[in-house]
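Subject: Structure handover

Hello,

Here is the structure I promised to pass on to you. Please have it open while you read the notes that follow.

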There are 2 protein chains.
Amino acid sequence: MPKAVPSFAEAGSVKTSSHRGKVWLVGAGPGDPELLTVKAVNRLRCADVVLHDALVPREVLALAPSLARIVNVGKRCGQKHITQREINNLLVTLAKDGNNVVRLKSGDPFVFGRGGEEVDALQRADVEVEVVPGITAAIAAAAAAKVALTDRRCAQQLLLVSAHHAPEKTFSSQWEGLTSSNTTIVVYMPGQAEQVATKLLQAGMEEKTPCLMISRISQADEQRFQTTLADLSQAPLLPPPVLLIAGATIRF
Amino acid sequence: MPKAVPSFAEAGSVKTSSHRGKVWLVGAGPGDPELLTVKAVNRLRCADVVLHDALVPREVLALAPSLARIVNVGKRCGQKHITQREINNLLVTLAKDGNNVVRLKSGDPFVFGRGGEEVDALQRADVEVEVVPGITAAIAAAAAAKVALTDRRCAQQLLLVSAHHAPEKTFSSQWEGLTSSNTTIVVYMPGQAEQVATKLLQAGMEEKTPCLMISRISQADEQRFQTTLADLSQAPLLPPPVLLIAGATIRF
């Protein structure tokens, strides 16, 4: 059952005890609760507090105990904007108050997830932290679409990039040399199809490269759109989150 | 409980029925049964036949029903060498005989796993196939070592490569341009430390780049060795499977 989401202020004083708390950074995968790892489910079931990204669905949060506090610290929560520093501080405070804290992140904590920053903050504060990996969007999308990410016949390497917040200058230049025909490129949060198409073409990727856009991977309303890089700019605007796979393993 | 492993010949005639079978390509993750997805566990529990890689541990295979046939089709099974074509044919035959077949692959089926070839063969034979993603070694290793794979402060992209079976010529040339300081490189099956170090240096990676080798990720005998690219050639030989992470997110 979905649980009420307490306010940010409430979460800081959930539980006080003399035992030391701990933080688990847990990957929630793409959304489908069946794509959580067994370990993620087990840690969720022992949580006193769950701090989650906006994209984690209610069905996943419902795995936490009914008495656990569930706090949305996502960037899209529509309320007060919570900075990364505030999230770090909240994790430290909750753990030092003796809580078992699950920091639940979409996909995997260490792939475009800012998990590194949270681990740093926790270790600096001498708070015990453990990381539970999750199915990152690229891997979930490939499984859903039955498209390999590497294939010894045509794609010997895999590059994961994000178009989100990438400075214009590094965005394309860093992709140059990566766009050989034996590399599958996955773009997280590709943004406007026209922009990402231009950047991939500028980086030297061939026009005929097959492209697959996948929206809301593993959710009931998942959508896919398949095209070539030449025609990618005409792709429809799909509901976020969206992922773009470009490479020879995508067949028509 | 571990189950007896039947011979290759036996497996082809496990079950005959009039209903159509199906194949699930399932990622087994790095080895720890807790790192299977819930979906992988559910599919294993319904399997009539499990065809597995050599690296999948007994604790994972034990999740299959006690009456399921468990077949090791791994390259290290020490018996008759089984080709990829034979595995493809076996999957088709078993499914057409009406079996629920789980093809259990270490890590994720689509990341250095030949899942693409198996999907192709099954679709050509008009056999229904579904893919269940798994935690690939790079992501499992990062979680175990608490090392981020991307970090907006220092590593905006992630490249996964394999040194196994890569022709000498493409091996280094394809990595050139990838070795900018903002890319984390993960090398699957890096082989001899000296060779891979030479190749990364030739590709332009800096000598000071931190490197982490991880052996038998998530297993009881997991080992890690941290160094720099300059000193990587002196790394000890660790028990396989080994993974190498090179990049700025590894701290000392």
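Which residue forms a salt bridge with A:Glu34? The partner is B:Arg43, and the closest N and O atoms of the two are 3.6 Å apart. A salt bridge here is a side-chain nitrogen of Lys or Arg within 4 Å of a carboxyl oxygen of Asp or Glu.

Before going on, a word on the basis: this is a predicted model, in which local features need pLDDT of at least 70 and side-chain atom pairs count only at pLDDT 80 or more, while totals for chains, interfaces and linings use all residues. Residues are numbered from 1 along each chain as its sequence is written, chains are lettered from A and ligands numbered from 1 in the order in which they are written, and side-chain values use heavy atoms, with hydrogens and water left out.

Now to how the chains relate. The same surface serves both copies, as 100% of the contact residues of chain B recur in chain A.

Next, the interface. Each side is in contact (heavy atoms within 4.5 Å) through 57 residues from chain B and 57 residues from chain A. Between them the chains bury about 4,400 Å², 57% of it on carbon and sulfur atoms; buried area is the accessible area (1.4 Å probe) that two parts lose on being put together, summed over both. In chain B, the residues that lose the most area to chain A are B:Glu34, B:Phe110 and B:Lys146, together 15% of what that side buries. The rule finds 6 salt bridges across this interface.

Strands meet here too (strands are DSSP runs of E, at least two residues, and helices are runs of H or I, at least four, numbered from the N terminus). Strand S6 (residues 157–162) of chain A pairs with S6(B) in the antiparallel sense over 5 bridges, where pairing needs at least two DSSP bridges. A:Leu159 stands opposite B:Leu159 in S6(B).

Finally, the whole structure holds 26 salt bridges over all chains. One joins B:Glu128 and B:Lys22, with closest N and O atoms 3.4 Å apart. This pair links distant parts of the chain, 106 residues apart: B:Glu128 lies in the loop between H5 and S5 of chain B, and B:Lys22 in strand S1 (residues 22–27) of chain B.

Best wishes
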